[in-house]
Amino acid sequence: MTVLLRTRVTAIGPEVADLAEAGVVILFADGSPPELAEVSVLHKTEQGPSDGAPAKGASITLGPVAAVITAVGSSAWSKVLEMGHVVISFNGATEAERPGEICASQVDPQALVAALKAGAIITIAA
């Protein structure tokens, strides 16, 4: 298994749980603007990101919650490389609706909310 990105959650914005209940997680690297931090999972990269974007079928884990990537938007990985930002939609879509979005298989929303806490590890691997 090749790790494309491994990052540690440093803070959770006050609106993150509501979004996660709908299956959406927004990642932003530490130091994001305060208005974005409210809806974001702030993180600090520990490994990667790799030059190449993950392909469909790659794995993504948020703490104990695991999913399979089903689509990658055209600019999603470049945003990860540039500013540590990406929208992850756990909707199982086979095509990303937005260019900056990574879609993944559906997960239990309550488990997702519970997994999103400071110190949690997020990994994308192929």
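Analyst: Here is a chat about the strands, the charged residues and a few loops.

User: What should I know before I start?

Analyst: This is a predicted model, where local features need pLDDT of at least 70, side-chain atom pairs count only at pLDDT 80 or more, and totals for chains, interfaces and linings use all residues. Residues are numbered from 1 along each chain as its sequence is written, and side-chain values use heavy atoms, with hydrogens and water left out.

User: Which way do the E8 side chains point?

Analyst: Ile 121, Thr 123 and Ala 125 point one way, while Ile 122 and Ile 124 point the other way, and all are buried.

User: And how many bridges join E1 to E8?

Analyst: There are 5, and E1 (residues 3-12) runs antiparallel to E8. Val 3 is opposite Ala 125 there. Strand E4 is also joined to E8, by 4 bridges and again antiparallel, and Thr 61 has Thr 123 as its bridge partner in E8. Two strands pair if DSSP finds at least two bridges between them.

User: What about E7, which residues point which way?

Analyst: In E7, residues 101-104, Glu 101 and Cys 103 point one way and Ile 102 and Ala 104 the other, and all are buried.

User: Who does E7 pair with, and in which sense?

Analyst: E5 (residues 65-72) pairs with E7 in the antiparallel sense over 3 bridges, whereas E6 (residues 86-89) is joined to E7 by 3 bridges and runs parallel. Ile 102 shows up in both: it is the bridge partner of Val 72, and Ile 88 stands opposite it too.

User: Switching topic. How many salt bridges does the count come to?

Analyst: The count comes to 4. A salt bridge here is a side-chain nitrogen of Lys or Arg within 4 Å of a carboxyl oxygen of Asp or Glu.

User: Which residue does Arg 6 form a salt bridge with?

Analyst: With Glu 46, and the closest N and O atoms are 3.1 Å apart. Arg 6 lies in strand E1 and Glu 46 in strand E3, so the pair ties together parts that are 40 residues apart in sequence. Arg 6 is partly exposed, at 30% relative accessible area, and Glu 46 is partly exposed as well, at 40%. Arg 6, Arg 8 and Glu 46 are linked in a network of salt bridges.

User: Which residue does Lys 56 go with?

Analyst: Glu 95, with the closest N and O atoms 4.0 Å apart. Lys 56 sits in the loop between E3 and E4 and Glu 95 in the loop between E6 and E7, so this pair ties together parts 39 residues apart in sequence. Both Lys 56 and Glu 95 are exposed, with Glu 95 at 58% relative accessible area. Also, the C-alpha atoms of Glu 95 and Ala 71 are separated by 5.3 Å, though these two are 24 residues apart along the chain.

User: Now the loops. Where is the cis peptide bond?

Analyst: From Gly 48 to Pro 49, with omega near 0°. Pro 49 is in the loop between strand E3 (41-47) and strand E4 (59-62). For context, most peptide bonds are trans.

User: And Pro 64, buried or exposed?

Analyst: Pro 64 counts as exposed, at 77% relative accessibility. Its place is the loop between E4 and E5. Pro 64 and Asn 91 are 27 residues apart in sequence and 18 Å apart in space, C-alpha to C-alpha.

Note on methods: Helices (H or I, at least four residues) and strands (E, at least two) are DSSP runs, numbered from the N terminus. Buried means under 20% relative accessible area, exposed over 50%, partly exposed in between (1.4 Å probe, protein chains only).
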